[in-house]
There are 2 protein chains.
Amino acid sequence: MADLTLTTFDWIPEMRRGFVRDLRVRWALEEAGLPYRVASVPFGDRKAAHFAHQPFGQVPWLTDGDISIFESGAILLHLGGLSTALMPADPRGRSETMEWVFAALNSVEMASLPWIILKLTGNAGDTPTAKPLIDFLKLRLNRMEPVLAGREWLAGPFSVADILMSDVLRLVGRLDGLTNHPACRDYVARAASRPSFVKAHADQMAHFAAADCKAR
Amino acid sequence: MADLTLTTFDWIPEMRRGFVRDLRVRWALEEAGLPYRVASVPFGDRKAAHFAHQPFGQVPWLTDGDISIFESGAILLHLGGLSTALMPADPRGRSETMEWVFAALNSVEMASLPWIILKLTGNAGDTPTAKPLIDFLKLRLNRMEPVLAGREWLAGPFSVADILMSDVLRLVGRLDGLTNHPACRDYVARAASRPSFVKAHADQMAHFAAADCKAR
């Protein structure tokens, strides 16, 4: 029997709410119907105990009994092992889920995150420095577009791969990066309309809103 | 019994040799002592059959019987399931390997790759556009430094996590990005002195050199 605690920040600036990566874990837990607790660590003053669980000083991490896991990808694969609602049980289904999990994080997010940094720092214009990075994202989206036009979910049934890929693309869409990629937009909308996403998103927003109240 | 074929490009420009990602897979296969064949696809004219195996038109992919897997992270986890030389068998060891696999690809490489693009396009100077991305990598290396100063390998015994993390850091070092991070440099040197790395590297270089000869 899993004994699951998800740790996230106690507070986060308003513009990042709805996009903190604990959302990916909450969403997976809701899809699987697994019971869990939520714990908090200071956003401001990150202590040694925090770095012991998450060496980059980020969130989330998950504890399952006495095992502590960081990296949303690793956490989701761990949860995938606990529920076929998150990952098919057959070897082919598992390996397809696995490759799309890595595609989300190491092919698409690796291209989207630099673009997001450029956008948020006001540097995503058509300059010699920004252009190769903007083109990098475009290349990835241009390849995801036919993939997502041809299927509902990445690896057959809905899986952790879709939680990760749609969450990565959702932030791109939020910053108007999916204007020319309707299949990517539809996929994000499809994923975000799932009741488990809606609940996970509402829970994250409520968690940080409660922190605002306490601070008053 | 695994029936393994690794597919890579038939040729690649000289400056990229020694850093194509099939090296990660060759290295893992050598560590595990698993027999495998190497197949090639055109670097120049990428066909539909290529995209069917690797939707981004990249390499490598691995077939194991009738299962085909892309993304070096997914391939290495698949191989990890075939050999305890690549991933410990106990749940804690497996989950530690898993989190460092994702840390290599989604925390460190996600920061190193944009920096590499900036470097290779001659844009890694101290400009308002480049600085946030350069700082992003620095932040990650500053956190990896104490981690690697304190241990030989990431998850206890050598594992696929070390293949990925050291390969990511090796390219940073190649472009002089580890000058202020001696523990990261030592870790790369330690990993690259393993006989399986040396063989995998030599095999990749020979594979592409043979293509040059054929082209003459």
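At what angle do the axes of helix H5 (residues 131-149) of chain B and helix H7 (residues 182-192) of chain B cross? The answer is under point 4.

1. Basis. This is a predicted model, in which local features need pLDDT of at least 70 and side-chain atom pairs count only at pLDDT 80 or more, while totals for chains, interfaces and linings use all residues. Residues are numbered from 1 along each chain as its sequence is written, and chains are lettered from A and ligands numbered from 1 in the order in which they are written. Helices (H or I, at least four residues) and strands (E, at least two) are DSSP runs, numbered from the N terminus.

2. Sheet of chain A. Chain A has an open sheet of 4 strands in the order S2-S1-S3-S4, with mixed pairing; two strands pair if DSSP finds at least two bridges between them. Strand S2 (36-41) and S4 of chain A are the edge strands, each pairing on one side only. On average, neighbouring strands of this sheet are turned by 25° against each other, direction ignored. Strand S1 (residues 4-9) of chain A is joined to S2(A) in the parallel sense over 6 bridges. A:Thr5 has A:Arg37 in S2(A) as its bridge partner, and A:Thr7 stands opposite A:Ala39 in S2(A). Helix H1 (residues 22-32) of chain A lies across S1, S2 and strand S3 (61-64) of chain A, and runs at about 155° to S1(A). S1(A), H1(A) and S2(A) make a right-handed β-α-β unit (right-handed if, with the strands pointing away from the viewer, the path from the first strand over the helix to the second runs clockwise).

3. Sheet of chain B. In chain B, 4 strands form an open sheet in the order S2-S1-S3-S4, again with mixed pairing. Its edge strands, each pairing on one side only, are strand S2 (36-41) and strand S4 (67-70) of chain B. Strand S1 (residues 4-9) of chain B runs antiparallel to strand S3 (residues 61-64) of chain B, and 4 bridges join them. B:Leu6 has B:Leu62 as its bridge partner in S3(B). Helix H3 (residues 72-80) of chain B packs on the sheet, where H3 touches S3 and S4 of chain B, and its direction makes about 130° with that of S4(B).

4. H5 and H7 of chain B. The axes of H5(B) and H7(B) come within 7 Å and cross at roughly 60°. Axes are lines fitted to C-alpha atoms, for helices over the stretch in contact, and angles run from 0 to 180 degrees between N-to-C directions. H5(B) and H7(B) are therefore oblique to each other (under 35 degrees counts as roughly parallel, over 145 as roughly antiparallel, 65 to 115 as roughly perpendicular and the rest as oblique). Their crossing is left-handed, the term for a near helix turned anticlockwise from the far one by less than a right angle, with clockwise being right-handed. H5(B) contributes B:Leu141, B:Met144, B:Glu145, B:Leu148 and B:Ala149 to the contact, and H7(B) contributes B:Ala183, B:Cys184 and B:Tyr187; residues are in contact if their C-beta atoms, placed from the backbone, lie within 7 Å. These residues divide into 7 nonpolar, no polar and 1 charged. Ala, Val, Leu, Ile, Met, Phe, Trp, Tyr, Cys and Pro count as nonpolar, Asp, Glu, Lys and Arg as charged, and the others, Gly among them, as polar.

5. H4 and H5 of chain B. Helix H4 (residues 91-120) of chain B and H5(B) have axes that come within 9 Å and cross at roughly 140°. That makes H4(B) oblique to H5(B), and the crossing is left-handed. From H4(B), B:Ser107, B:Val108, B:Ala111, B:Ser112, B:Pro114, B:Trp115 and B:Leu118 meet B:Leu133, B:Ile134, B:Phe136, B:Leu137, B:Arg140 and B:Met144 of H5(B). By class, the contact has 10 nonpolar, 2 polar and 1 charged.

6. H6 and H7 of chain B. Helix H6 (residues 160-174) of chain B packs against H7(B) at an angle of about 120°, with the axes 9 Å apart. The two helices are therefore oblique to each other, and H6(B) passes H7(B) in a left-handed crossing.

7. Contact between the chains. Chain A gives 39 residues to the contact and chain B gives 39 residues. On the chain A side, H4(A) gives the most, with 16 residues. That side has 23 nonpolar, 10 polar and 6 charged residues.

Terms used:
Two residues are in contact if their C-beta atoms, placed from the backbone, lie within 7 Å.
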